[in-house]
Amino acid sequence: MRAGLTIGRLAKAAGVNVETIRYYQRRGLIAEPHKPLGGHRRYPSVVMDQIAFIRRAQQLGFSLAEVKSLMELAPGRNLKATRLIAEKKHANLDLHIAQLTKMRRKLKSLIDKSRKAVRGPCPIIEALSSDL
């Protein structure tokens, strides 16, 4: 039996779509193995670990470009570079949370105004029709 997994088996084992693996290859996150004459590409088991790494990083909000940068850093080394990437992501998340909080407050205010309105124009539609 040949070592490694076909793309279909790898996708199933990793819990992703075959197209996801191909997309990761196009983005340079995982290598595409050589295709033997008349055979199927076989992916080494390390690719499963790489896919798991990518998915965990995405769950923390890292973009694929950021994931690629993290993967290029040697494990256990480049602590400062890794930390800087994470700190930048953390700051971006803080900013995004602040923006979402502001949007949430504004929407809640409009909903409250709408509940109180008995007649006349809808406060939500009015707000959306003008500058917020």
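Predicted model: local features only at pLDDT ≥ 70, side-chain atom pairs only at ≥ 80, totals over all residues.

**Entry 1: helix 1 and helix 3**

I began with helix 1 (residues 7–14) and helix 3, which pack at an angle of about 45 degrees with their axes 10 Å apart. I note that helices (H or I, at least four residues) and strands (E, at least two) are DSSP runs numbered from the N terminus. Axes are lines fitted to C-alpha atoms, for helices over the stretch in contact, and angles run from 0 to 180 degrees between N-to-C directions. The angle makes helix 1 oblique to helix 3. For that word I wrote down the cut-offs: under 35 degrees is roughly parallel, over 145 roughly antiparallel, 65 to 115 roughly perpendicular, and the rest oblique.

Residues are numbered from 1 along each chain as its sequence is written, and side-chain values use heavy atoms, with hydrogens and water left out.

Which residues make the contact of helix 1 with helix 3? I found Leu10, Ala13 and Ala14 on helix 1, and Val47, Met48, Ile51 and Arg55 on helix 3; contact means heavy atoms within 4.5 Å. By class, the residues of this contact are six nonpolar, no polar and one charged. In this scheme Ala, Val, Leu, Ile, Met, Phe, Trp, Tyr, Cys and Pro are nonpolar, Asp, Glu, Lys and Arg are charged, and the others, Gly among them, are polar.

**Entry 2: helix 3 and helix 4**

Next I followed helix 3 (residues 46–59) to helix 4 (residues 64–72): their axes come within 10 Å and cross at roughly 130 degrees. Helix 3 and helix 4 are therefore oblique to each other. From helix 3, I listed Gln50, Phe53, Ile54, Ala57 and Gln58, which meet Leu64, Val67, Leu70 and Met71 of helix 4. The contact of helix 3 with helix 4 has seven nonpolar, two polar and no charged residues.

**Entry 3: salt bridges**

Side chains of opposite charge can pair when their charged atoms come close. How many salt bridges does a search of the whole structure find? I got six, taking a salt bridge as a side-chain nitrogen of Lys or Arg within 4 Å of a carboxyl oxygen of Asp or Glu.

One of them joins Arg41 and Glu32 at 3.1 Å, N to O. Arg41 is partly exposed at 29% relative accessible area, and Glu32 is partly exposed at 47%. My cut-offs here: buried is under 20% relative accessible area, exposed over 50%, partly exposed in between (1.4 Å probe, protein chains only).

I also looked at Glu87 and Arg83, whose side chains meet in a salt bridge at 3.6 Å, N to O. They are four residues apart in helix 5, so about one helical turn separates Glu87 from Arg83.

**Entry 4: Lys89**

Lys89 and Glu66 meet in a salt bridge at 3.2 Å, N to O. The pair links distant parts of the chain, with Lys89 in helix 5 (residues 79–116) and Glu66 in helix 4, 23 residues apart. Is Lys89 buried or exposed? Lys89 counts as buried, at 13% relative accessibility, and Glu66 is buried at 16%. Leaving out residues up to four places away in sequence, I found that Lys89 touches Leu60, Gly61, Phe62, Ser63 and Glu66.
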